[in-house]
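Please keep the sequence and the coordinates open while reading.

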Amino acid sequence: MKYDVIISGAGPSGATLAYHLARAGLEVLILEKQFFPRDKPCGGGITYKTSRLLDFPWENAVEDTVRTMAFNFRGQRGVTVRTAMPVAYMATRSKFDELLAQQARSAGARIIEGAALEEVKLKDGLATVSAGGKTYQGRIFAGADGVNGKSARLLGLYNPVATGPSLEAELECPPRLTGHFRGMIKLDCGALPWGYGWIFPKENRLSTGIASFSRKAKGLKQSLKEFLTREGLENTRIISVKGFPIPVGGGKKTKIHCPSALLLGDAAGLVDPFSGEGIYYAIKSARLAAEAILDHKSDPERVPGVYQDLVDRRITAELTMVRRMAKVFYSFPRTAFSLIEKNPETAGRMLRLIYGEGKYSELKGAAREVIRMIASSKKTTRLRF
Ligand SMILES: Cc1cc2nc3c(=O)[nH]c(=O)nc-3n(C[C@H](O)[C@H](O)[C@H](O)COP(=O)(O)OP(=O)(O)OC[C@H]3O[C@@H](n4cnc5c(N)ncnc54)[C@H](O)[C@@H]3O)c2cc1C
């Protein structure tokens, strides 16, 4: 059988693409290395803007709804912002991803679990894909197998984008603290260079961790230990600790297509370099890929180029703006944090960006303010952005 589209990976990007294509009547196959339910190191923060991309009931995967964000700097000082709108929903990735995969299956996609991608050959408008010891054929191949997946390398599209390290620790939430963390995300903006520490509430658990968006970051274990100690969680039982890279995007247009093939989500390096949010961009890139494929059903050769153009305009342009912002913020985190403290309105604006009501361009003014403050306090640096 020849498929219209073969997808490697059933994470948020692969499952979303399969769902939209199968629903439109295309023959879709997903080859997934693992078996569901499978884990993915992730805070599981599904922002409000991401929720607007989900057009089926997914509330069963939600463990908490966040309307309060508490920011501090190395445990000191702090700004707490409360919003009427939910900033984010908290989900456990094993449940959330299984639900997305189930939606794709119900729409008619075939998912083969335990089928790790081995080889992709592209010739004369045909993708011949080997996985789990078998070979399949399709008109388009979509690589959605994440930052550690094989697609990008096999297609010769591997871009060593700035990949930052992270360490996630899942903790048993002490009953005395359950109420304290309910409905609230805590971020420590000075927990490590070019990144932050987080505490996300889950049902009976806390997802904690630290992430840096610079590949130079070192000593993550120690930074995580210090962060948890500052938050009074040093004696809490650790359920699991996992390290995982985060492939941040923006800054330059990277090639994420070749004839008959596309890359999506983390495999394409589409993660926000300021917040580390990737689920939104995984789902968004899948929807753009579905748009390109469905709009050019009779002329599939055009699909990869059209998809690249859509991603450049609707994702990379925004991530490039975010990267500039991140550069200012993370180069001078203490000063940037003071600015937020003195102007809680800025924190409110940052939240609107995170939950998806505003545009990152709104923060340009705030970034200029940071530069002015730094220039007047140090009289040295001149930054351009
Ligand atoms: C510690 C941490 C915390 C994070 N927290 C958040 C957060 O709170 N909110 C947020 O929005 N983003 C967060 N992210 C980013 C987010 O996890 C990713 O951006 C998102 O999972 C990308 O989705 P994806 O579908 O592109 O890839 P993935 O979710 O990585 O899915 C890839 C799929 O491909 C499969 N696969 C891998 N290799 C192969 C192969 N060879 N063959 C076949 N299948 C394969 C995998 O098993 C997996 O199912 C976090 C990331 C990290 C590391």
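## Model and conventions

The model is predicted, and for that reason local features are reported only at pLDDT of at least 70 and side-chain atom pairs only at pLDDT 80 or more, whereas totals for chains, interfaces and linings use all residues. Residue numbers start from 1 along each chain, following the sequence as written.

Helices (H or I, at least four residues) and strands (E, at least two) are DSSP runs numbered from the N terminus.

## Domains and their contact

The chain divides into domain 1 (2-38 + 93-161 + 249-321), domain 2 (60-90 + 162-247) and domain 3 (323-378), with bounds that come from an automatic or database domain assignment. The contact takes 14 residues from domain 2 and 13 residues from domain 3, where two residues are in contact if their C-beta atoms, placed from the backbone, lie within 7 Å.

On the side of domain 2 that touches domain 3, β5 (68-73) and β6 (76-82) each supply at least two residues. The residues of that side divide into 11 nonpolar, 2 polar and 1 charged; in this scheme Ala, Val, Leu, Ile, Met, Phe, Trp, Tyr, Cys and Pro count as nonpolar, Asp, Glu, Lys and Arg as charged, and the others, Gly among them, as polar.

## The shell around the ligand

Domain 1 and domain 2 both give residues to the shell around the ligand, so the ligand lies between them. The shell has 40 residues, of which G9, G11, G146, G265 and G278 come nearest; a residue is near a molecule if its C-beta atom, placed from the backbone, lies within 6 Å of it.

By class, the shell residues divide into 16 nonpolar, 16 polar and 8 charged. At least two residues of the shell come from each of α1, β2, β12 (163-172), β15 (205-212), β16 (238-247) and α7.

## Helix α1

Helix α1 covers residues 12-23, and its 12 residues reach 16 Å from the first C-alpha to the last, close to the expected 16 Å, a span calculated as 1.5 Å times one less than the number of residues. After α1 comes G25, whose phi is positive, near 95 degrees.

The helix is mostly covered, with 11 of its 12 residues buried; a residue is buried if 20 or more other C-beta atoms lie within 10 Å of its own, exposed if 12 or fewer, and partly exposed in between, with C-beta atoms placed from the backbone. Among the buried residues are P12, L17, Y19 and L21, and what covers the buried residues of α1 includes β1 (2-8), β2 (28-32), α3 (93-107), β11 (134-143) and α7 (279-295).

Strand β14 (residues 195-202) is mostly covered, since 7 of its 8 residues are buried. With β13 (residues 184-188) it pairs in the antiparallel sense over 3 bridges, pairing being assigned if DSSP finds at least two bridges between two strands. L187 stands opposite W198 in β14, and in the hairpin of β13 and β14, which has 6 residues between the strands, W194 takes a positive phi near 55 degrees.

β14 also pairs with β15 in the antiparallel sense, over 8 bridges, and K202 has R205 in β15 as its bridge partner. These two strands form a hairpin with 2 residues between them, and N204 in the turn has a positive phi of about 60 degrees.

## Single residues

F244 is found in strand β16 and counts as partly exposed because 17 other C-beta atoms lie within 10 Å. Leaving aside neighbours within four places in sequence, F244 is in contact with P41, S166 and E168. D39 is found in the loop between β2 and β3 (45-47), where it is partly exposed because it has 13 C-beta neighbours inside 10 Å, and it touches R93 and S94, not counting residues up to four places away in sequence.

P37 lies in the loop between β2 and β3, and the peptide bond from F36 to P37 is cis, with omega near -5 degrees. R74, in the loop between β5 and β6, has a positive phi of about 50 degrees although it is not a glycine. D124, in the loop between β9 (117-123) and β10 (126-131), likewise has a positive phi of about 50 degrees without being a glycine, and D124 is exposed because 6 other C-beta atoms lie within 10 Å.
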